[in-house]
Amino acid sequence: MQSRHVVCLSKCGDMMKQQIEMKSNNEQMANTMSKSGFTFYTALHELLDNAIVTAKNIRVELLVENDGMRAIHCISVFDDGDGIRMGELAEAFAVGARTNQGINEHGVGMKSAIAYFGNMNIADGLDFILTYDGVDCFKVEGYEGNTLHIDAGLTPPWSHTGTHISMNVMLNVFAASRFNALKESFGVRYGNFLLNGGTITIQEFDIATREPILNAKKEAEVVRVTPIHPPYFHPTTGTKVHLLKKEIVTQNIVADFIIGMSAEDEEGVWKPLSYGGGIDIVQNDRVVVHRSYEPLTEWRAKNHTSLNRLIGQLIVKDGHVPTTPKKDNVQQTEEWQAIKEAIATAILEHKITAFFNPPENDNEYDNLSESLIRDGLAACLTESTLPTGEPVWSDVKTEESTDTNLSMDVTAMNGEDMYVFEVKKGNFNAQDMNQLIGYMVTVGAKRGVVFAKTVLANAKKQFDEHWQPLLGEDFTIAYADKDSQLYKTVMGAYVKVGE
């Protein structure tokens, strides 16, 4: 992606105000992607994900009201990483411009996270970004459309390189109810980063005085985040060890798979949960998905109460497992399927299934997956014809990637119109609608189809009351639920349950 420096607007000493132009509608795309299911915690994760690539020390500061629930008005993230180079600024801030096979694979996270804190508006969410790469020190003060407003030629505020991101919080969030959970979420997601010598601290400041908030002992408290890893407990020996550790090797991935059990009286994020057994997926020094059962579905297709104490990790050491846009799950690819099959083989070979007392009848597990439904839908579309014998759909594809490296379930052409299909095994909710709209906006499609057993009312309301007024009447969504002919045809004739 190319950028160009526009006329210098003013100069004062060595400080210069400049504008940098980016291609495409970056502000709208960032605002759109911010609606794809971010939470207070996952939005902050996006900013720390960027920092841990080169930083060793990260500081998070919350600017709050010093009374009651301590409403949060501003969040700052400081790091001592390499900083942002002036020549890479436009690429770094353009949505989807900087993608790779690492932690920033989609190129949408930081921008969308800032937009989230601005109540789905990046211009409101961005206070400023100050960065120093050892050569240039500058401040990004505005993000408007495709234009970045910057102050260049600043004096570095630190003796080291680094970045300070300051965000306005335009949401009703409160430190009193979030602080401990924030510390916990950082401990889980960045446990490996912390274990390898990194540090993350959190501190609150009074918005009126800019002084640190004092604790019960009238002391300014800087909270240091500690790593949270699976607390293994061997039920036979009573020792703190796992049941199995096995290296998983597929065509492009090398990973360590570790599985075990927690103690019956374990507390915290790894306590026994009803139908909540699962493992962390760890990649690029952070947990992509916490306590997910999905990696184990080739061993047992469905979670069960006998697995409530199941814990573990899948740590990717070499290669890259593609993640979803919010980087909180993995994409369903042939490589991922191979990983799951290797995990199942390892569990069965080491005969640890008995520790989890599974049901005697494996038919109790539901073998239907979204990938089967997706493939069945694609096959149905491919074979659909008009009375004249001409095909209804052309160029039918599954898991087609967008320019921002997002993976759509099914896409197809009907005449000159591109349709994007979003497949859900069960309920389709408002968050799913936001994700579908994000895909469509990114590829320039105006026709979307929801294929799900049940479409919740909040999903339809999200489109009718928010998205259609924003995007226009020619932007449409069709619904293929369990009562539709398309759903009945696909599920009855094209999806082979149990295979």
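## Contacts, rings and backbone in a predicted model

Modeller: Among contacts between residues at least 6 apart in sequence, 67% join residues at least 24 apart in the protein chain. Bear in mind that this is a predicted model.

Biologist: What are the counts of helices and strands in the protein chain?

Modeller: There are 12 helices and 21 strands. Of the 499 residues, 50% count as buried.

Biologist: Why are α9 and α12 called roughly perpendicular?

Modeller: The axes of α9 (residues 370–383) and α12 (residues 485–494) cross at roughly 105 degrees. Angles of 65 to 115 degrees count as roughly perpendicular. The two helices are therefore roughly perpendicular to each other. Their axes come within 9 Å.

Biologist: Which residues make that contact?

Modeller: On α9, I373, G376, L377, A379, C380 and E383. On α12, L486, T489, V490, M491 and Y494. By class, the contact has eight nonpolar, two polar and one charged residues.

Biologist: What makes the pair of W393 and Y419 edge-to-face?

Modeller: Their planes stand 90 degrees apart. Over 60 degrees counts as edge-to-face. The ring centres are 5.0 Å apart, and the pairing limit is 6.5 Å. That settles both the pair and its label, edge-to-face.

Biologist: Which parts does the pair of W393 and Y419 tie together?

Modeller: W393 lies in the loop between α9 and β17 (394–401), and Y419 in strand β19 (residues 417–428), so the pair ties together parts 26 residues apart in sequence.

Biologist: Why does W393 count as buried?

Modeller: Buried means under 20% relative accessible area. W393 has 16%, so W393 counts as buried. Y419 has 18%, so Y419 is buried as well.

Biologist: What makes the pair of F451 and Y487 stacked?

Modeller: The angle between their planes is 25 degrees. Planes under 30 degrees apart count as stacked. Centre to centre, F451 and Y487 are 5.0 Å apart. F451 lies in strand β20 (residues 447–455) and Y487 in helix α12, so this pair ties together parts 36 residues apart in sequence.

Biologist: How do you know that F451 is buried?

Modeller: The cut-off is under 20%. F451 is at 0% relative accessibility, so F451 counts as buried. Y487 has a relative accessible area of 10%, so Y487 is buried too.

Biologist: How many aromatic pairs does a search of the whole structure find?

Modeller: Nine. Ring pairs also link F38, F40, Y41, Y116 and F117 into a cluster.

Biologist: What puts K139 over the face of F128?

Modeller: K139 is 4.7 Å from the ring centre of F128. The limit is 6 Å, with NZ also within 35 degrees of the ring normal. K139 does lie over the face of F128. Against that 6 Å limit, the charged end of K460 is 5.0 Å from the ring centre of Y479 and sits over that ring.

Biologist: What makes the backbone of K218 worth a look?

Modeller: Its phi is near 60 degrees, a positive value in a residue other than glycine. Most residues other than glycine have a negative phi. K218 sits in the loop between β10 (199–206) and β11 (223–224).

Biologist: Why is K218 called exposed?

Modeller: Exposed means over 50% relative accessible area. K218 has 66%, so K218 counts as exposed.

Biologist: What is phi of K351 near, and where is K351 found?

Modeller: Phi of K351 is near 50 degrees, again positive in a residue other than glycine. K351 is found in the loop between α8 (334–349) and α9. At 68% relative accessibility, K351 counts as exposed, because exposed means over 50%.

Biologist: Why does L243 count as buried?

Modeller: L243 is at 16% relative accessibility, and buried means under 20%, so L243 counts as buried. Leaving out residues up to four places away in sequence, L243 touches H234, P235, I259, G260, M261, I352, F355 and F356.

Biologist: Which residues is D318 in contact with, leaving aside neighbours within four places in sequence?

Modeller: N252, I253 and V254. D318 lies in strand β16 (residues 310–318). The C-alpha atoms of D318 and D256 are separated by 10.0 Å, and these residues are 62 apart along the chain.

Notes
Residues are numbered from 1 along each chain as its sequence is written. This is a predicted model: local features need pLDDT of at least 70, side-chain atom pairs count only at pLDDT 80 or more; totals for chains, interfaces and linings use all residues. Side-chain values use heavy atoms; hydrogens and water are left out. Axes are lines fitted to C-alpha atoms, for helices over the stretch in contact, and angles run from 0 to 180 degrees between N-to-C directions. Helices (H or I, at least four residues) and strands (E, at least two) are DSSP runs, numbered from the N terminus. Angles under 35 degrees count as roughly parallel, over 145 as roughly antiparallel, 65 to 115 as roughly perpendicular and the rest as oblique. Contact means heavy atoms within 4.5 Å. Ala, Val, Leu, Ile, Met, Phe, Trp, Tyr, Cys and Pro count as nonpolar, Asp, Glu, Lys and Arg as charged, and the others, Gly among them, as polar. Rings of Phe, Tyr and Trp (its six-membered ring) pair if their centres lie within 6.5 Å; planes under 30 degrees apart count as stacked, over 60 as edge-to-face and the rest as tilted. Buried means under 20% relative accessible area, exposed over 50%, partly exposed in between (1.4 Å probe, protein chains only).
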